[in-house]
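This report describes selected parts of one protein model. Have the sequence and the structure at hand while reading.

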Amino acid sequence: MINNISKNMLDYITRFIEESFGLYFCEKRLKDLIRGVSNAAKQKNIDFEEYANLILLNKLSEKDLDNLVNCLTIGETYFFRDEKLFEVIRKEILPAIIHDRKYTSKSLKIWSAGCSSGEEVYSIAILIKELISDYKNWDIQIIATDINDSFLKKAKKGIYSEWSFRGVDVDFKNKYFDRVDHMRYKLKDDIMKLVKFHRVNLVDQVYRTDKRLINNIDILFCRNVLMYFSKDQAQEILLRFYNTMADKGWLAVAPTESFLLNDTAFMPVNMEGIFLYYKKFKTNEFVKPIDTNDIEKNLLIEDEINKHYPTLDMHKDMTKKSFIPSGIKDMEVEKELLTEDKNNIEEFEKLSKSFANQGKFEDAIKCCKQAITMDKMNPYYYYLLASIQQEQGHIIEAIASLKKAIYLDADFVMAYFDLGNLNLKQKKYKEALKNFNNTRALLSQLNEDDILPYSEEMTVGMLKQIIESIGDGGCYGER
């Protein structure tokens with residue numbers, strides 16, 4: 001036990017954070033996790049255990065979630081951190097790109113992914129100004145992104161203390177900054193205008209700012225960021241980076257993260273002892289270039305659909321649930337349950353089903369959540385909650401509840417199946433395919449005539465046929 005929280009609860013919190021933000025905390029980093037969650041709890045004026053219960057019951061607000069991710073990420077940086085890297089960028093990388101573009105497009109696109117409080121990306125902007133005398137006549141885009149809102153707010157202000165200048169001399173500070181007071185300095189406006197800040201989560205399948213794709217990046221900085229993700233997540237991010245970058249683009253990661261690029265299409269290049277990663281485009285079966293124009297057009301179409309038809313249902317439910325158990329036929333049971341002070345968890349479950357069967361979904365949810373409060377580790381109650389949320393049309397909430405059921409029971413066949421159906425509704429075909437494949441794998445371990453728990457008497461063989469019919473109908477979209 002740590003802070004009166006069981007290992008199961010810590011495991012759940014870890015999975016919740018990975019699912020919500022993409023941040024991965026392995027066994028060695030549990031202290032960092034506990035420290036971050038504890039700080040978030042203190043800012044909410046509650047203890048760790050109460051905050052953990054809010055996570056489990058999905059009762060954190062959007063503001064709470066933003067604050068949690070702020071507490072879990074670290075923003076330690078300073079201007080021109082890693083002097084050798086910036087010398088290579090100054091002497092080798094940028095001059096070559098500038099030479100190629102000087103008499104053609106006069107364009108340059110740089111992305112700092114995980115920009116923290118802005119020192120790195122502003123260092124890049126200063127380099128650009130120093131190397132391109134007529135930079136105002138160029139199309140220069142410097143994109144800075146982070147998941148931490150507090151970092152972004154600080155970066156946009158461009159005000160820094162002495163601690164941010166420990167890697168540079170006094171002349172640099174005097175040349176590019178104005179003194180605010182005896183402790184702080186503000187970056188000059190002409191540098192700040194070169195950089196645009198946006199909130200982006202690197203686990204997102206598509207990277208966008210202002211509803212436009214991030215693409216054709218010439219230099220991508222992502223240093224001391226990939227360490228926050230699991231190896232599998234990092235590999236997926238690196239693949240998206242590859243497709244985001246221009247041909248002959250460069251990727252810079254921290255030395256401790258370089259092993260993650262061993263099995264990627266990036267080509268390592270040693271420059272004066274600094275390894276950078278080069279995109280020399282080759283068509284092969286492992287890296288498939290994306291048509292960014294088509295993706296951007298489709299995203300804009302989806303935005304318009306969601307704007308004008310937010311409740312549009314693109315798919316019919318694959319299954320229809322009956323909530324009331326076969327033994328309950330008299331609706332007077334709910335009056336009986338409501339008039340007594342009941343602590344029997346099964347009665348809350350029955351009442352939840354009864355309300356749901358009558359279409360009283362808010363009451364059904366209240367009773368279901370009461371059952372969850374009494375038994376937080378029972379995956380079925382989250383599954384029941386998801387079923388009610390689906391009936392309400394609350395797809396996002398239902399997906400979250402199903403994921404909790406799966407976290408608590410990795411062999412929950414119907415939870416995987418329902419999650420696949422909901423991802424189809426969201427047009428998340430890759431996720432749906434993954435869910436159905438997981439369902440197939442679990443079904444393969446069972447007998448054809450076995451009745452699946454919580455499935456309205458459906459057999460293993462019947463569910464296999466349903467899944468195959470979904471695939472045959474082309475519901476997964478193009479892959």
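Helices and strands are here DSSP runs, numbered from the N terminus; a helix has at least four residues (H or I) and a strand at least two (E). The model is a predicted one.

**Serine 164**

Serine 164 has a relative accessible area of 4%, and it is buried because buried means under 20%. Leaving aside neighbours within four places in sequence, serine 164 is in contact with Tyr78, Phe79 and Glu119.

**The sheet with β3**

Strands of a sheet pair through backbone hydrogen bonds, either parallel or antiparallel. Strand β3 belongs to an open sheet of 3 strands, in the order β3-β5-β4 and with antiparallel pairing. The edges of this sheet are β3 (159-161) and β4 (177-179); each has a single partner strand, so one side of each is left without a neighbour in the sheet. On average, and with direction ignored, neighbouring strands of this sheet are turned by 35 degrees against each other. Between β3 and β5 (residues 184-187), which run antiparallel, there are 3 bridges. Tyrosine 160 stands opposite tyrosine 185 in β5.

**Strands β10, β11 and β12**

Strand β12 takes part in two of the pairings described here, one with β10 and one with β11.

| Strand pair | Sense | Bridges |
|---|---|---|
| β3 and β5 | antiparallel | 3 bridges |
| β10 and β12 | antiparallel | 2 bridges |
| β11 and β12 | antiparallel | 5 bridges |

In β12 (residues 274-278), 4 of the 5 residues are buried, so the strand is mostly covered. Tyrosine 278 of β12 is the bridge partner of tryptophan 250, and leucine 276 of β12 is the bridge partner of valine 269. Strands β11 and β12 form a hairpin with 2 residues between the strands, in which glutamate 272 takes a positive phi near 55 degrees.

Strand β10 (residues 245-252) contains aspartate 247. Is aspartate 247 buried, exposed or partly exposed? Its relative accessibility is 46%, so aspartate 247 counts as partly exposed; that class lies between under 20% for buried and over 50% for exposed. Aspartate 247 and asparagine 216 are 31 residues apart along the chain, and their C-alpha atoms are separated by 7.8 Å.

Helix α1 (residues 7-21) has 15 residues, which should span 21 Å at 1.5 Å a residue. The end C-alpha atoms of α1 are 21 Å apart, in agreement with that value. After α1 comes glycine 22, with a positive phi near 85 degrees.

Which residues of α1 are buried? They are Met9, Leu10, Tyr12, Ile13, Thr14, Phe16, Ile17 and Phe21. These buried residues pack against α2 (30-43), α3 (48-56), α4 (62-72) and α16 (395-408).

Helix α16 holds alanine 405. With a relative accessible area of 0%, alanine 405 is buried. Not counting residues up to four places away in sequence, alanine 405 touches Pro379, Tyr382, Tyr383, Phe412 and Ala415. Alanine 405 and methionine 377 are 28 residues apart in sequence, with 8.8 Å from C-alpha to C-alpha.

Key: Residues are numbered from 1 along each chain as its sequence is written. This is a predicted model: local features need pLDDT of at least 70, side-chain atom pairs count only at pLDDT 80 or more; totals for chains, interfaces and linings use all residues. Side-chain values use heavy atoms; hydrogens and water are left out. Two strands pair if DSSP finds at least two bridges between them. Axes are lines fitted to C-alpha atoms, for helices over the stretch in contact, and angles run from 0 to 180 degrees between N-to-C directions. Buried means under 20% relative accessible area, exposed over 50%, partly exposed in between (1.4 Å probe, protein chains only). The expected span of a helix is 1.5 Å times one less than its number of residues. Contact means heavy atoms within 4.5 Å.
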